[in-house]
Amino acid sequence: MHQYPAVAYSCRYYMPCLKQLAAFTTLIPHHCHRHYPRPHLSTLPLSPNFHLPANLNRLLTGNSLFYRMERFWSGSNINKNKEMVEHLRHYGVITSKKTAEVMETIDRALFVPDGTPPYVDSPMAIGYNATISAPHMHAMCLQLLEENLKPGMHALDVGSGTGYLTACFAVMVGPQGRAVGVEHIPELVNSSIKNIEKSAAAPLLKDGSLAVHVGDGRQGWPEFAPYDAIHVGAAAAEIPQALIDQLKPGGRMVIPVGNIFQDLKVIDKNSDGSISVRSETSVRYVPLTSRDAQLQGS
Ligand code: SAH
């Protein structure tokens with residue numbers, strides 16, 4: 001049985017709960033150890049910005065025990081940013097102190113649209129056929145990039161959407177560093193700037209070490225290249241050469257690659273300029289594409 005990878009979601013961290021759930025559901029294949037998707041999402045043909053409200057989800061699963069487990073495990077009863085971070089630590093998603101600290105510093109609630117539950121471990125629609133990634137995906141990417149987000153370093157966030165990760169990067173690289181977001185939907189750039197202004201990263205926006213630009217992220221942002229860290233928040237059919245070129249030797253890029261089935265790739269540029277590529281996990285992100293294609297949903 002094949003499982004859809006969930007939306008910007010990789011669930012190996014939830015294995016302990018899934019093992020318990022396996023007693024109640026036949027949806028979980030026993031051979032799939034690395035990429036266990038959450039059953040309620042994974043069994044549906046997903047559109048990237050599709051999110052079931054909790055109550056509808058309950059009706060669809062029709063299993064109140066399952067519903068309680070689901071609430072317990074996705075954190076939908078969490079109403080504080082610190083609790084969300086604790087929850088992710090508890091499940092072994094966050095293992096690094098720095099990532100926990102920055103995710104505590106930047107409150108996710110300031111970045112999700114009004115009326116959206118901010119701390120549920122799920123991607124949420126933000127309009128324009130885009131989503132804010134699930135908290136555990138943000139945590140995973142921050143951890144993968146952590147060594148390349150030290151004070152003074154340069155970080156590029158392609159497809160910066162809500163600005164959440166750009167703000168996290170800015171806090172990590174500090175006022176001596178550079179955090180650059182590139183997003184091709186001007187409305188999202190404007191709202192991300194408003195979000196950041198309300199957050200703990202506001203002084204960095206003011207002093208210019210954090211900036212978000214309207215642009216085609218496939219071209220990167222040459223002005224502040226080369227980058228120690230590049231994060232791409234949308235799935236590329238192929239790794240854009242401009243991004244590889246803008247990566248510093250010793251730098252790291254994290255990018256989802258693929259169409260419907262995607263891998264989160266970790267690309268390290270070696271000191272001789274060669275690159276090493278590995279796959280971290282299966283994911284599902286919105287596509288890295290042209291603005292028109294995205295707005296038409298194609
Ligand atoms: N990390 C962001 C993810 C947003 S979803 C967050 O968690 O908020 C991916 C984003 O990539 C969308 O906002 C989409 O508009 C943007 N995007 C897609 N293709 C792009 C391109 N070619 N250039 C710039 N941004 C792009």
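Does Pro249 count as buried, exposed or partly exposed, and at what relative accessibility? Pro249 counts as partly exposed because its relative accessibility is 48%; buried means under 20% relative accessible area, exposed over 50% and partly exposed in between, with a 1.4 Å probe and protein chains only.

This is a predicted model, in which local features need pLDDT of at least 70, side-chain atom pairs count only at pLDDT 80 or more, and totals for chains, interfaces and linings use all residues. Residues are numbered from 1 along each chain as its sequence is written, and side-chain values use heavy atoms, with hydrogens and water left out.

**Pro249 and the sheet**

Pro249 lies in strand β7. Helices (H or I, at least four residues) and strands (E, at least two) are DSSP runs, numbered from the N terminus. Leaving aside residues up to four places away in sequence, Pro249 touches Lys269, Asn270 and Ser271; contact means heavy atoms within 4.5 Å. Pro249 and Ser274 are 25 residues apart in sequence, and their C-alpha atoms are 8.4 Å apart in space.

β7 belongs to an open sheet of seven strands, in the order β5-β4-β3-β6-β7-β8-β9, with mixed pairing. Two strands pair if DSSP finds at least two bridges between them. β5 and β9 are the edge strands, each pairing on one side only. On average, neighbouring strands are turned by 15° against each other, direction ignored. β6 and β7 pair in the parallel sense over four bridges. Ile230 stands opposite Met253 in β7.

| Strand | Residues |
|---|---|
| β3 | 154-158 |
| β4 | 178-183 |
| β5 | 210-214 |
| β6 | 227-232 |
| β7 | 247-258 |
| β9 | 275-283 |

**Helix α8**

Helix α8 (residues 164-173) lies across β3, β4, β5 and β6. It runs at about 165° to β4. Axes are lines fitted to C-alpha atoms, for helices over the stretch in contact, and angles run from 0 to 180 degrees between N-to-C directions. Nine of the 10 residues of α8 are buried, among them Leu165, Phe169 and Val173. Just after α8, Gly174 takes a positive phi of about 70°.

Helix α6 (residues 97-105) packs against α8 at about 120°, with the axes 10 Å apart. The two helices are therefore oblique to each other; angles under 35 degrees count as roughly parallel, over 145 as roughly antiparallel, 65 to 115 as roughly perpendicular and the rest as oblique. From α6, Lys98, Val102, Met103 and Thr105 make the contact; from α8, Tyr164, Cys168, Val171 and Met172.
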